[in-house]
Structure formats: C-alpha cells, structure tokens
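Welcome! Please take a moment to look at the sequence and the structure shown here before reading on.

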Amino acid sequence: MRTRAAVALEAGKPLEIMEVNLEGPKAGEVLVEIKATGICHTDEFTRSGADPEGLFPAILGHEGAGVVLEVGEGVTSLKPGDHVIPLYTPECRQCEYCLNPKTNLCQAIRTTQGQGVMPDGTSRFSMLDGTPILHYMGCSTFANHTVLPEIALAKINPDAPFDKVCYIGCGVTTGIGAVINTAKVEIGSRAIVFGLGGIGLNVVQGLRLAGADQIVGVDLNNDKQAMAEHFGMTDFVNPSEVDGDLVAHLVELTKGGADYTFDATGNVNVMRTALEAAHKGWGESIVIGVAPAGAEISTRPFQLVTGRVWRGTAFGGASGRTDVPKIVDWYMDGKIEIDPMITHTLTLDEINKGFDLMHAGESIRAVVVF
Ligand code: NAD
Ligand code: AHE
Ligand code: ZN
C-alpha cells in the first residue's frame with residue numbers, strides 16, 4: 001500500500017512529507033493505522049544527528065496511538081479494529097529480560113530495532129523509487145500507517161481518545177514510571193525534577209501520585225513554572241537566577257538534599273548536579289534524559305561512597321503490554337491528567353513546526369493528528 005509519512009532524509013534537515021510504500025505485515029507483524037502521534041525530544045535528538053544510533057533515511061516518531069488494520073500469520077493477541085499504542089520497549093514475556101522482574105528492557109528484537117529494520121532484517125517502508133526507508137525505535141509513528149511486531153503493541157481501551165493517549169506511548173509512562181517503578185518513591189519524600197518539559201512534568205505528576213511532600217522543579221525557562229505548579233510542583237528554581245552554587249542552594253531548599261532527584265534534560269552537567277543534590281546517605285538520582293553521542297557523566301566517587309545512588313530508567317521501567325493499558329485506564333478514570341500538557345495539535349504537513357515549538361520552549365507536547 002501507499003501511505004503518507006514525514007521522512008528524515010538526512011541528519012539536521014527538516015522532515016519531508018511524502019507518499020511512501022508500505023509492505024503488509026509478515027508473520028508475527030501487525031499493520032496499524034496511526035491516528036495521532038506526539039513529538040518527543042528523543043525524536044529531535046535523532047533528527048538533529050546527536051543520536052549515535054541515528055540512521056537515515058528513516059521515519060521517526062515513537063509516541064503514537066492507532067487502530068489495527070491487518071494482522072500477519074500467527075498473530076493471536078490482536079485483531080483488526082483493536083486500538084493500540086506502539087511500544088519502543090516491547091514485551092515478549094519470554095526472553096531472559098522479560099523473565100527478570102528487575103528490568104523492563106525486553107531484548108527479543110533490540111538488535112534489529114537498533115538497525116532500523118523489522119525482526120527479519122528488512123524494512124517495510126520504501127520511497128516510491130524503491131529506496132528502502134528505515135524504521136525508528138521499532139515504531140515509526142510519523143506515518144499514517146506503520147507495521148510493528150505483535151510484541152510491540154499494547155491493546156488499549158477503545159474509548160480512549162487517540163490524540164491524548166498517544167502521549168502514554170512515551171512521555172506520560174516515562175515520567176510517572178520513573179517515580180513509581182524505578183525510584184519507588186515513598187509517601188512524604190522530598191524530590192527535585194530537573195527539566196519541566198514533556199517528561200519532567202509527568203515526573204512531577206508521578207511524585208504527586210506517590211505522595212511526595214516537596215516537589216522542587218528546576219528549569220531555565222520561567223514559562224514552565226505555572227504548568228508545573230498545576231501538576232504538583234511546590235518550589236521552582238531557575239538556575240540562571242540562583243546566586244552561587246546551585247547544588248548548595250538545592251540542598252538547603254530540601255533541608256539536606258532530596259530523597260530522589262530526576263534528570264529530564266539530557267544535559268550531563270545537569271545529571272551531575274542532580275546526583276549531588278541527592279541526600280547524603282540515601283538520596284537516589286534517576287537519569288531519564290538522553291545525552292548526545294560522546295557525552296559522559298562524571299562526579300567525585302565520594303558522592304557514591306557516601307551513599308548517593310545513580311540509576312537510569314528507560315520507558316519509566318514499564319512493561320508496555322502489561323502497564324500501558326493500565327495507564328490509559330488511569331487517564332480515563334481521571335487519576336492522571338494529560339490534556340493540559342498537549343499544548344499544540346498539528347497536521348502531518350505541519351510537523352516541522354512541532355520541532356520549532358520545542359526549540360522555542362513554547363510547547364510541552366505537540367501532537368500530530370492524522
Ligand atoms: P523537552 O524539550 O520537552 O523538555 C526539556 C526541558 O528541560 C525544557 O523545559 C528545558 O527548558 C529544560 N532544560 C534544558 N536545559 C536545562 C538545564 N540546563 N537546566 C534546567 N532545565 C533545562 O524534552 P522532553 O520531551 O521532556 O525530554 C526530556 C529528555 O528526556 C530528553 O533528553 C529526552 O530525549 C529524554 N527522554 C528519555 C526517555 C527515557 O525512556 N529514558 C523517554 C523520553 C524522553
Ligand atoms: N540511541 C541512543 C539512546 C536513546 C535512548 O536512550 N532511548 C531510550 C528511550 S528515549 C524515548 O524517548 C531507551 O529506551 N533506550 C533503551 C533502548 O534499548 O533503546 C544512544 O545513545 O545510542
Ligand atoms: Zn520519547
């Protein structure tokens with residue numbers, strides 16, 4: 001079939017909207033009509049050329065929601081008409097990783113996914129002249145139709161609005177999951193969230209759900225303050241307005257350091273600040289942000305010797321086929337809020353504007369609706 005997609009032809013270039021060829025689903029695969037997709041900073045990270053795994057030409061996008069149109073041979077858990085969210089972290093429920101409750105990092109298809117191809121080593125997308133186009137994060141949601149492995153699809157409540165719950169495909173689950181699954185924040189905790197964008201605001205919302213007493217938000221952009229307060233932030237710090245050492249300021253504000261800190265910026269200097277602002281003896285710092293090729297984190301080992309813990313999280317530690325439908329239900333039941341964070345709705349033709357809004361710090365999430 002043919003479908004319309006935003007194609008990243010080269011690193012650093014705007015996406016190009018074009019008709020592309022899409023082959024039907026092979027064994028174990030599913031054809032999905034994408035109804036809506038969010039634009040996450042990780043899409044920009046790859047589009048810009050900062051991703052060491054970035055490959056081109058590719059169809060980016062990993063925060064989608066849609067409807068199953070066709071299933072390949074052997075697919076048993078999904079049927080045409082089912083509403084689904086694509087999963088960049090699949091859940092095969094069989095690999096060594098899925099069988100270990102300590103991780104959500106299913107490895108069943110990680111190698112081919114990182115190479116931009118389906119598990120059989122080939123791409124389903126191509127240009128009209130036949131040139132192959134690569135998949136991205138196993139999802140490629142910047143296309144009106146896409147093909148995914150069955151294990152990379154979560155079946156969701158059919159009443160859920162696509163243009164809102166697409167955000168559960170990455171940002172919502174990553175932020176809330178970092179608090180609940182990775183940090184396992186206890187009631188009464190003090191926490192600091194660095195970066196109040198599409199991920200950080202969901203960390204803030206997760207902290208409120210978990211019953212944190214103090215939720216400090218740190219961002220260079222004062223315009224993020226009001227929205228973060230809406231989601232539960234108790235104190236706001238703009239590092240550019242702090243006299244003297246930022247770590248000392250945050251440690252004083254949290255009366256000795258935070259029980260939990262979260263980096264949602266992807267800046268390795270911020271990651272260091274986040275670790276060092278965690279409480280001596282027990283503070284845990286969770287790295288969520290994705291850093292550019294070649295970037296490294298550092299701190300004095302003494303920070304760890306004296307009890308601080310540095311950890312990371314992918315997709316909020318969520319096992320997608322199990323957890324994503326539950327998070328959709330939390331949204332439908334009003335336990336979590338999504339709508340205010342979707343600040344812009346765009347057509348596919350306007351997708352590059354979504355990246356401009358992100359750079360200008362004007363959007364939280366821009367969502368493309370097909
Ligand atoms: P975003 O652009 O919406 O938000 C980033 C925020 O950080 C902005 O509000 C910006 O003003 C702020 N910021 C930037 N530099 C800062 C600094 N030095 N100090 C304080 N604040 C600063 O991006 P997003 O979509 O929220 O993504 C955030 C990060 O999380 C990105 O690196 C993204 O790639 C990563 N991410 C990781 C996962 C995961 O599974 N680990 C999932 C999704 C996104
Ligand atoms: N390709 C990058 C790493 C990118 C990365 O860390 N991706 C996160 C998801 S970000 C979603 O917005 C992730 O889940 N990683 C685990 C995985 O297996 O990809 C690089 O640095 O090479
Ligand atoms: Zn993302």
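This is a predicted model: local features need pLDDT of at least 70, side-chain atom pairs count only at pLDDT 80 or more; totals for chains, interfaces and linings use all residues.

Residues are numbered from 1 along each chain as its sequence is written, and chains are lettered from A and ligands numbered from 1 in the order in which they are written.

**Two domains**

Let us begin with the overall layout. The chain splits into domain 1 (2-169 + 338-369) and domain 2 (175-313), with bounds that come from an automatic or database domain assignment. Between their C-alpha centres there are 29 Å. Domain 1 brings 12 residues to the contact and domain 2 brings 11 residues; two residues are in contact if their C-beta atoms, placed from the backbone, lie within 7 Å. On the side of domain 1 that touches domain 2, the largest share, three residues, is given by α1. Helices (H or I, at least four residues) and strands (E, at least two) are DSSP runs, numbered from the N terminus.

A UniProt record, from an unreviewed entry, places the feature "domain: Alcohol dehydrogenase-like N-terminal" at residues 27-121; such annotations may be inferred rather than shown by experiment. Over residues 27-121 the chain is 13% helix and 24% strand.

**Around the ligand**

The table sorts two groups of residues by class. Ala, Val, Leu, Ile, Met, Phe, Trp, Tyr, Cys and Pro count as nonpolar, Asp, Glu, Lys and Arg as charged, and the others, Gly among them, as polar.

| Side of domain 1 that touches domain 2 | seven residues | three residues | two residues |

A residue is buried if 20 or more other C-beta atoms lie within 10 Å of its own, exposed if 12 or fewer, and partly exposed in between; C-beta atoms are placed from the backbone. In helix α11 (residues 351-359), the buried residues include Ile-351, Gly-354 and Met-358. They span an arc of only 40° around the axis, which puts them on the same side of α11; the arc is that of the directions from the helix axis to the C-beta atoms. Their cover includes β1 (2-7), α1, β16 (342-346) and β17 (365-369).

Helix α8 (residues 268-276) has buried residues too, among them Val-270, Met-271 and Leu-275. Elements that cover the buried residues of α8 include β10 (190-194), α7 (246-253) and β13 (260-263).

**Backbone details**

Ser-140 has a positive phi near 50° and sits in the loop between β7 (132-133) and β8 (145-149). Is Ser-140 buried or exposed? Ser-140 is buried, because 31 other C-beta atoms lie within 10 Å.

Lys-255 also has a positive phi, near 55°, and belongs to the loop between α7 and β13. Lys-255 counts as exposed, with 10 C-beta neighbours inside 10 Å.

Finally, the peptide bond from Phe-56 to Pro-57 is cis, with omega near -5°.
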